[in-house]
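Here is a short briefing on one structure. The points are grouped by topic.

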Amino acid sequence: MSNTDFALSVEDLTVSFDGFKAIDKLTLYVDKNELRVIIGPNGAGKTTLLDLICGKTKASAGSIKFKNHEIIQVAEHKRVRLGIGRKFQTPSIYENLSVFQNLEVSFPSGRSVWGALAFTATEEIQARVKAVAEDIGLGDKLETEAGLLSHGQKQWLEIGMLLMQEPELLMLDEPIAGMSARERDLTAELLQRICQNRAVIVIEHDMDFVKKIAHKVTVMHQGKILAEGPMDQVQADPKVIDVYLGH
Ligand code: ADP
Ligand code: MG
């Protein structure tokens with residue numbers, strides 16, 4: 001395929017670590033406004049795939065197009081500016097700043113955290129902070145010190161910090177790990193809200209959660225795609241049951 005309407009087109013993507021192909025000629029297309037979930041056994045290459053898309057890891061071969069532009073040679077920080085946001089498993093919020101300040105410093109001003117703190121927030125930034133805080137369910141916690149938030153709230157704050165950059169592709173690696181049942185439900189709602197104007201890729205193991213949020217599911221195994229489609233179809237696939245769901 002050449003020119004497409006996809007948010008993300010990954011074609012024949014390969015990365016070798018000392019001859020071991022962690023990602024092996026993988027092809028994947030994600031639509032705008034799509035919430036895609038990637039599942040698969042440990043070591044399947046899920047995290048490595050996100051590392052390649054965000055530019056943390058350099059591909060050995062293949063193509064990664066973001067909104068039709070080849071980005072395989074583009075540096076990680078430039079991919080952020082193009083609109084690719086990635087949440088890692090450990091949150092990286094500023095514990096002694098308020099929720100408001102954490103969001104404010106994430107506004108893409110090109111300044112360092114200290115520079116951003118020193119200047120008075122314009123109305124535009126304030127409005128964005130408030131809108132994002134509502135989106136992540138922390139609208140009434142703007143003045144709360146981030147260190148005092150629950151584990152789940154910290155995860156949402158980090159998602160909010162990414163949303164401040166208005167990414168058109170947002171990637172989350174196991175976002176509900178360690179969350180309570182209630183926090184998982186709220187996270188499902190949050191993800192459904194935020195995929196309405198962007199593509200979202202989520203890696204997750206919790207099948208009830210996957211069922212709730214996924215538009216489509218991609219199953220990875222040994223650096224390749226084993227199956228892809230609606231959750232019901234994937235769950236009934238004997239190959240998937242054999243390598244993943246059966247255990
Ligand atoms: P998953 O997220 O699906 O559990 P990973 O993407 O973390 O899997 O890992 C896929 C495989 O690639 C594993 O065998 C892992 O050990 C290997 N791997 C990942 N990153 C590196 C690296 N930087 N160097 C060497 N091997 C790696
Ligand atoms: Mg992983």
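An oxygen atom of ligand 1 sits 2.8 Å from an N or O atom in the side chain of lysine 46. The model is predicted.

**Ligand 1**

- A polar side-chain atom of threonine 47 is 2.9 Å from an oxygen atom of ligand 1.
- Glycine 43 takes part through its backbone: one of its backbone N or O atoms lies 2.8 Å from an oxygen atom of the ligand.
- On its own, ligand 1 exposes 560 Å², and the protein buries 57% of that.
- Two elements give two or more residues to the shell around ligand 1: strand S2 (20-30) and helix H1 (46-54).
- H1 supplies the largest share of this shell, with three residues.
- The residues around ligand 1 include Pro41, Asn42, Gly43, Ala44, Gly45, Lys46, Thr47 and Thr48.
- Phe17, Phe20 and Ala22 are also among the residues around the ligand.

**Helix H7**

- H7 covers residues 181-194, which makes 14 residues.
- At 1.5 Å a residue, H7 should span 20 Å. Its end C-alpha atoms are 20 Å apart, so expectation and model agree.
- The buried residues of H7 are Glu183, Thr187, Ala188, Leu190, Leu191 and Ile194.
- Seen down the helix axis, these buried residues fall within an arc of 165°, so they line one face of H7.
- The face turned away from the buried side carries the exposed residues Ala181 and Arg182.
- Helices are part of what covers the buried residues of H7: among them are H5 (123-135), H6 (151-163) and H8 (207-213).
- Strands contribute to that cover too, including S3 (35-39), S7 (169-173) and S8 (199-203).

**Arginine 79**

- Arginine 79 lies in helix H2, residues 76-82.
- Its relative accessibility is 4%; buried means under 20%, so arginine 79 counts as buried.
- Leaving out residues up to four places away in sequence, arginine 79 touches Leu52, Ile53, Cys54, Gly55, Ile64, Ile71, Ile72, Gln73, Val74 and Ile84.
- Arginine 79 and phenylalanine 66 are 13 residues apart in sequence, and their C-alpha atoms are 9.1 Å apart in space.

**Glutamate 143**

- Glutamate 143 is in the loop between H5 and H6.
- Its relative accessible area is 65%; exposed means over 50%, so glutamate 143 is exposed.
- Glutamate 143 touches Ser98 and Phe100, with residues up to four places away in sequence not counted.
- From glutamate 143 to valine 99 is 44 residues in sequence and 6.1 Å in space, C-alpha to C-alpha.

**Positive phi values**

- Aspartate 18 has a phi near 50°, a positive value in a residue other than glycine.
- Aspartate 18 is placed in the loop between strand S1 (8-17) and S2.
- Aspartate 18 counts as exposed, at 85% relative accessibility.
- Glutamate 174 has a phi near 50°, again positive in a residue other than glycine.
- Glutamate 174 lies in the loop between S7 and H7.

Notes:
Residues numbered from 1 in each chain as written. Chains lettered and ligands numbered in written order. Predicted model: local features only at pLDDT ≥ 70, side-chain atom pairs only at ≥ 80, totals over all residues. Heavy atoms only, no water. Helix = DSSP H or I, 4+ residues; strand = E, 2+ residues; numbered from the N terminus. Expected span 1.5 Å × (residues − 1). Buried < 20%, exposed > 50% of the residue type's maximum accessible area, 1.4 Å probe, protein only. Arc of directions from axis to C-beta. Contact = heavy atoms within 4.5 Å. Near = heavy atom within 4 Å. Polar contact = N/O pair within 3.5 Å; in protein donor to acceptor, adjacent residues only side chain to side chain. Areas by Shrake-Rupley, 256 points an atom, 1.4 Å probe, with all protein chains shown as cover.
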